[in-house]
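Dear colleague,

I am handing over the structure below, together with some notes on what was found in it. Please look through the sequence and the model first, and then read on.

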Amino acid sequence: MLAAVRTVGTEKVTSPLLSVQPSRGLVDEKFQIVIMNLLPNQEVTIYCLHQSEDKDFWEAFGNYISDEHGIVTVAKDKSLGGTYEGTEQMGLIWSMRPIPGSRSGLRLRKTNVLTPMVIHISVYSGHLSEGFSEKTPLASSVTERWYVAPGVQRVNIKEKGVRGTLFLPPGPGPYPGVLDLWGGGGGLVEYRSALLASHGFASMALEYLAPEELNTVDVDVSYFEKAYQILQDHPKVQKDNLAMLGLSFGSAITFSMAAYSKVIKPQCCVCISGSHVVPIDKSLFEVFEEIKKVRMNEENQVIQRDLILPIPSDPALKVDVGIIKCPLLLVNGGDDQNWASVESAADIEMMMEKAGNRHLLTVLTYPDAGHLIEPPYSPHFRATNFMLQEMKEKIVMLWGGQTKPHAYAQEDAWNKILAFLRQHLCFSSNFAKAKL
């Protein structure tokens, strides 16, 4: 990037220069933001703007003061105010929020992973907190954030009644596989699987709650077993090197399959914000029919965590995790308001200790993190609109969490999830990591 230079009399006045590197990167990759050619000790605001696929605008900003050389380095310097404070290299991304006047209850999620998140970053003079669109920036830049690395393949799966999307890393393979299950929100959610493939895993995002196309009454154990076999039988997948990864209700399915299925034999499992407390031997339809015990806070946000409290002692109401034979990683937020994941983890630990398989269990608990522990730098949502699939009713769901600790949890947990998968899936050099 070139700085503009204009001559005034015999003096050269150099315009501020904004550098954002890399200009194209994966969503879990940090970028470096540096502003040069400012005046010494100059007050500036760095502003980030993104338009979602739903056409909503999201913003974040930090107030900075340049050093004696007229430079601001976001990775080293402190934000003195804005949507985040302190030395936060990725604060401009994880603190994004809808611009004032937006629709309420929004959640930022990528639907088309084959296109990037386009982030506009600008520098303004002074410490601002509003009115950015009415002012002219000192400098601007655009950066792309991708879920898919170059060479990652996206394959539609529609066979044996199973619906999903398989993402394959670049290179000849075969690769270790991951069956990726999201929660009760339903639909086909691809972005985590796309990112896993960018790190060398053949990951299949499975659709199992989609009222328009799949009848939830028909989704039972055999559906997940067929999905597992489709992944296992793919020529580019190491058939004996598979893991299951579930979030929220997807974790309940993961626990159940790992404990009881004669077909699904994963090398390891990752369960995020989930519980082993679920009426087993029931279809998903029957399970959702039982979800009635919820309470609301003063803002009419639904707090769902009471549904499984107190954790029952009756073995018929929970998965027998004591018979799970593979390594298990639990990732939980201490302020999860949607599901009693921390209490469930304590009970799981007690059950596995009693059964003699406690050595297989690793528990990560993040104080002040909420329910939606997503890939790094995903903006935090304490509460969002949510569709109750079986009841066709839109509510506002309270997920919990505080923005900064939640952001830290997402970054730390993702790195530990990747390390856990690599450790237990015999990760080899078959995957040549592509750089954007």
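Helix 7, which covers residues 403–424, gives the most to the lining of the largest cavity, with 4 residues. Please keep in mind throughout that this is a predicted model. The space inside the largest cavity comes to about 50 Å³, and the count of cavities of 30 Å³ or more is 4.

As for the chain as a whole, it has 7 helices and 23 strands, and of its 436 residues 57% are buried. Of the contacts that join residues at least 6 apart in sequence, 70% are between residues at least 24 apart. The accessible surface of the chain is about 18,800 Å², and carbon and sulfur atoms account for 51% of that surface.

Serine 79 sits in the loop that runs between strand 8 (72–73) and helix 1 (91–94). Because its relative accessibility is 3%, and buried means under 20%, serine 79 counts as buried. Its side chain reaches the backbone oxygen of glycine 81 at 2.9 Å. When residues up to four places away in sequence are not counted, serine 79 touches Gly62, Asn63, Tyr64, Tyr84, Glu85 and Gly86.

Glutamine 89 also lies in the loop between strand 8 and helix 1. With a relative accessibility of 17%, glutamine 89 counts as buried, since the cut-off for buried is under 20%. The side chain of glutamine 89 reaches the backbone oxygen of phenylalanine 31 at 3.0 Å, and phenylalanine 31 is also among its contacts once neighbours within four places in sequence are left aside, the others being Lys30, Gln32, Val74 and Ala75. Glutamine 89 and threonine 73 are 16 residues apart along the chain, and their C-alpha atoms are separated by 8.9 Å.

Valine 142 belongs to strand 11, which spans residues 139–146. At 42% relative accessibility, valine 142 counts as partly exposed, because that class covers values between the 20% limit for buried and the 50% limit for exposed. Valine 118 is 24 residues from valine 142 in sequence, and the two are 6.9 Å apart in space, C-alpha to C-alpha. Not counting residues up to four places away in sequence, valine 142 touches Val118 together with Ser23, Ile119 and His120.

Asparagine 357 is found in the loop between helix 6 (341–355) and strand 21 (361–366), and at 6% relative accessibility asparagine 357 counts as buried. Which backbone oxygens lie 3.1 Å and 3.0 Å from a polar atom of its side chain? The one at 3.1 Å belongs to glycine 322, and the one at 3.0 Å belongs to isoleucine 324.

With kind regards

Key: Residues are numbered from 1 along each chain as its sequence is written. This is a predicted model: local features need pLDDT of at least 70, side-chain atom pairs count only at pLDDT 80 or more; totals for chains, interfaces and linings use all residues. Side-chain values use heavy atoms; hydrogens and water are left out. On a 1 Å grid over the protein atoms alone, a cavity is a set of points where a 1.4 Å probe fits but cannot get out, and a pocket is an open set with protein on both sides within 12 Å along at least five of seven lines; lining residues have an atom within 4 Å of a point. Grid points are joined across faces, edges and corners, and a volume is the space filled by probe spheres set on the points. Helices (H or I, at least four residues) and strands (E, at least two) are DSSP runs, numbered from the N terminus. Buried means under 20% relative accessible area, exposed over 50%, partly exposed in between (1.4 Å probe, protein chains only). Contact means heavy atoms within 4.5 Å. Accessible areas come from the Shrake-Rupley method with a 1.4 Å probe; for residues, only the protein chains shown count as cover. A polar contact is a pair of N or O atoms within 3.5 Å; within protein, one must be able to donate a hydrogen and the other to accept it, and residues adjacent in sequence count only if both atoms are side-chain atoms.
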